[in-house]
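Here is a short briefing on one protein model. Look over the sequence and the structure first, then read the points below.

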Amino acid sequence: MSKTTHQVKVNILNNSESFIGDSLYLSGTFNNWEEQVYIGKIPEKGEHIVFDLGEIKSGDLELKLSRGDWNTLSSTKEGKLEPAFVEKIQKDTEIDLTIEAWRDQFPRSTASKQVNILDDHFFFPELNVYRKVMIYLPKGYSSTDDKFPVIYMHDGQHLFDEAISIDKSGPVEWMVDETLDEADKPSIVIAIDHAKTYELRQQEYLVTAGHGSEKAQGWAYLEDIVKTLKPFVDKNYRTLSDPANTAMVGSSIGGLLTLYAGLKYPSVFGTLASFSPSIWMDEENLYEYATKKLKEKTEERKKQEFYFYIGDKERRFRMMDSSNNMKLDLEKYFAWMEEHFDGKLQLVIENEGKHGAIYWQEAFRKFYDYWQNRK
């Protein structure tokens, strides 16, 4: 019988001249990212420090180095945060990590110059809340009379700027602005901040109460986008406001909400991109509502498109058994949509993908490349 745990040592080379002698910490999936573990002092440049991580379960081990908090993570020489180091543990292993530089040596904000504040306190009347809304305007917007397609996105804090994004494993942004800066065909992006707590975010993104949320406000939130925010954007910015040029993108529970937006508003959203949707949180109601709405055989519905992304390693609650497999949830729904939906469908599966913003960076790049080249 194969061992379920293996001995792991981490060998760290310091290639940076900064912060010599400061405390060095390690965080990762070995403790579910719950705390950063002190491993010693940062050695002189060119020297190593070795840390015995102990017995680690078989499977993927993810690691990050810091000086004690997410603002002091190690980075590339250019100041870029890289994804967590990943090692597949199948035997006793020694892992080599290198410190090239530290993130806090570089400017904190990573937002493009094209990112602006649409309103720090935009009023959503159905929710009866004020919420920050950001807008990405294409390069040269102010020097042309062109009109542009628009993408509406949830979880605005995590889309443009590392300085305000946060994930269980530290600050990770989607790099939406970097993707659009480099794109051949420009678009406007409207990014709506989520609520301040996870509980309120879940409440605003669910259309059916449950999973700890006694109140579901998802329909009210979508109504605010359609009836208040979109008219404001179309009035004050040069937009192509028709469904063919209006998309919505969301991930996780925001991906689930994006599905509902497409089902309810085919005359508003021509393209819906749902990344890693948490179908399991409202599965029965989703199928029931989709069955009802897809019976409406309108021309707008036939022209609509649903784009799906999922990682092969995505699991509910981070549990790796097949009954918690989010990919199977989506494949089942996608197959159902193929039978009942008259429009266009696209499914992208990332073999090594897990549930998190670092994977949605690439998912968005692929989606945008697909969307800007659509016919």
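Buried residues make up 53% of the 375 residues in the protein. Here, buried means under 20% relative accessible area, exposed means over 50%, and partly exposed lies in between, using a 1.4 Å probe and protein chains only. The model is predicted: local features need pLDDT of at least 70, side-chain atom pairs count only at pLDDT 80 or more, and totals for chains, interfaces and linings use all residues. Residues are numbered from 1 along each chain as its sequence is written, and side-chain values use heavy atoms, with hydrogens and water left out.

**Overall build**

- The protein has eight helices and 17 strands. Helices (H or I, at least four residues) and strands (E, at least two) are DSSP runs, numbered from the N terminus.
- Along the principal axes, the C-alpha atoms fill a box of roughly 65 × 55 × 40 Å.
- Contact means heavy atoms within 4.5 Å. Of the contacts between residues at least 6 apart in sequence, 72% join residues at least 24 apart.

**Surface and charge**

- The protein exposes about 17600 Å², and carbon and sulfur atoms supply 48% of it. Accessible areas come from the Shrake-Rupley method with a 1.4 Å probe; for residues, only the protein chains shown count as cover.
- There are 47 positive and 62 negative charges, and their mean positions are 4 Å apart. Lys and Arg count as positive and Asp and Glu as negative, while His and the chain ends are not counted. Each charge is placed at NZ of Lys, CZ of Arg, CG of Asp or CD of Glu.

**Strand E5 and its partners**

- Strand E5 spans residues 59-66, and six of its eight residues are buried.
- E5 pairs with E2 in the antiparallel sense over four bridges. Two strands pair if DSSP finds at least two bridges between them.
- Leu 65 in E5 is the bridge partner of Leu 26.
- E5 also runs antiparallel to strand E7 (residues 85-89), with five bridges joining them. Here Glu 62 stands opposite Val 86 in E7.

- How many of the residues of strand E13 (residues 188-192) are buried? Five of five are.
- Both faces are covered: Ile 188, Ile 190 and Ile 192 lie on one side, with Val 189 and Ala 191 on the other.
- E13 runs antiparallel to E11, joined by four bridges. Val 189 in E13 is the bridge partner of Tyr 136.
- E13 pairs with E12 in the parallel sense, again over four bridges. Met 153 stands opposite Ala 191 in that pairing.

**Two buried loop residues**

- Leu 159 lies in the loop between strand E12 (150-153) and helix H1 (176-181). Leu 159 is buried because its relative accessible area is 1%.
- Beyond its neighbours within four places in sequence, Leu 159 is in contact with residues including Met 153, Trp 174 and Ala 191.
- Trp 174 is placed in the loop between E12 and H1. Its relative accessible area is 4%, so Trp 174 is buried.
- Trp 174 and Ile 358 are 184 residues apart in sequence, and their C-alpha atoms are 6.9 Å apart in space.
- Leaving aside neighbours within four places in sequence, the contacts of Trp 174 include Val 249, Phe 275, Trp 360 and Phe 364.

**Helix H5**

- Which residues of helix H5 (residues 283-293) are buried? They are Leu 286, Tyr 287, Tyr 289, Ala 290 and Lys 293.
- These buried residues pack against helix H3 (218-236), helix H4 (253-264), helix H6 (299-303) and helix H7 (326-340).

**Positive phi in two loops**

- Phe 19, a residue other than glycine, has a positive phi near 60°. Phe 19 lies in the loop between strand E1 (5-14) and strand E2 (23-28). Phe 19 is partly exposed, at 29% relative accessible area.
- Asn 128 is also not a glycine, and its phi is positive, near 60°. Asn 128 sits in the loop between strand E10 (115-124) and strand E11 (129-136). Asn 128 counts as exposed, at 57% relative accessibility.
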